[in-house]
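The sequence and the model are shown first.

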Amino acid sequence: MASSTRIFGNCCRALCGAAKTSASTTTTTTTATVTKSRGRPNGILKPQPVSPALGKFLGNSEASRTDAVKKVWEYIKTHNLQNPANKREIHCDEKLKMIFDGKDKVGFLEIARLLTQHFQKAT
């Protein structure tokens, strides 16, 4: 540490002090985020009304986006609808075709985008 003080002079104190300040700021931000998340769900965790087709699939007229994606993946896994040769591809049966615009095959990255149309926009 003595050698860096010789090279940088008093600048080292300013740099070390800034690092301590940013670390304490990060801790404060993390605490605020944790406190905020304990309240009501926001964003994609907030239950919203869904379309009749998705409601029939989920068995509920309201769902959060994350819950809808989870239930779709549960259905895909239990009915073994993933292509064994290409795991990123899902073969749609009649139930999935109702919520995926009648497509026979869907990429796993498309699922969230295709489900978006089933959620009503908040006004």
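## Basis of the report

The model is predicted, so local features need pLDDT of at least 70 and side-chain atom pairs count only at pLDDT 80 or more, while totals for chains, interfaces and linings use all residues. Residues are numbered from 1 along each chain as its sequence is written, and side-chain values use heavy atoms, leaving out hydrogens and water.

## Helix α4

Helices (H or I, at least four residues) and strands (E, at least two) are DSSP runs numbered from the N terminus. Helix α4 covers residues 65–78. The expected span of a helix is 1.5 Å times one less than its number of residues; for the 14 residues of α4 this gives 20 Å, in agreement with the 20 Å between its end C-alpha atoms. After α4 comes N80, which has a positive phi near 50°.

Residues are classed by relative accessible area: buried means under 20%, exposed over 50%, and partly exposed in between (1.4 Å probe, protein chains only). The buried residues of α4 include A68, V72, Y75 and I76. Viewed down the helix axis, the buried residues of α4 fall within an arc of 100° and therefore line one face; the arc is that of the directions from the helix axis to the C-beta atoms. An α-helix has 3.6 residues a turn, so residues three or four places apart point the same way. The face of α4 turned away from the buried side carries the exposed residues K70, E74, K77 and T78. Elements that cover the buried residues of α4 include α3, β3 (89–91), α5 (94–99) and α6 (111–116).

## The nonpolar core

A nonpolar core is a set of buried Ala, Val, Leu, Ile, Met, Phe, Trp, Tyr and Cys residues joined through side-chain atoms within 4.5 Å. The largest such core has 20 residues, of which V72, L96, F100 and L115 touch the most other members. At least two residues of this core come from each of α3, α4, α5 and α6, and α4 provides the largest share, four residues.

Contact means heavy atoms within 4.5 Å. Not counting residues up to four places away in sequence, F100 touches V72, C92, V106, I111, L114 and L115.

## The aromatic pair

Rings of Phe, Tyr and Trp (its six-membered ring) pair if their centres lie within 6.5 Å; planes under 30 degrees apart count as stacked, over 60 as edge-to-face and the rest as tilted. One aromatic pair is counted by this rule. The ring centres of F57 and Y75 are 5.2 Å apart and the planes are at 75°, so this pair is edge-to-face. Because F57 belongs to helix α3 (residues 52–58) and Y75 to helix α4, the pair ties together parts 18 residues apart in sequence. F57 is buried at a relative accessible area of 12%, and Y75 is buried at 12%.

S51, in the loop between β1 (48–49) and α3, is buried at 17%, and its side chain makes a polar contact of 2.7 Å with that of H118. Q82 lies in the loop between α4 and β3 and is buried at 15%. The side chain of Q82 reaches the backbone oxygen of K87 at 2.7 Å.

W73, in helix α4, is partly exposed at 21%. Leaving aside residues up to four places away in sequence, W73 touches Q82, I90, F108 and I111.

Definitions and conventions
A polar contact is a pair of N or O atoms within 3.5 Å; within protein, one must be able to donate a hydrogen and the other to accept it, and residues adjacent in sequence count only if both atoms are side-chain atoms.
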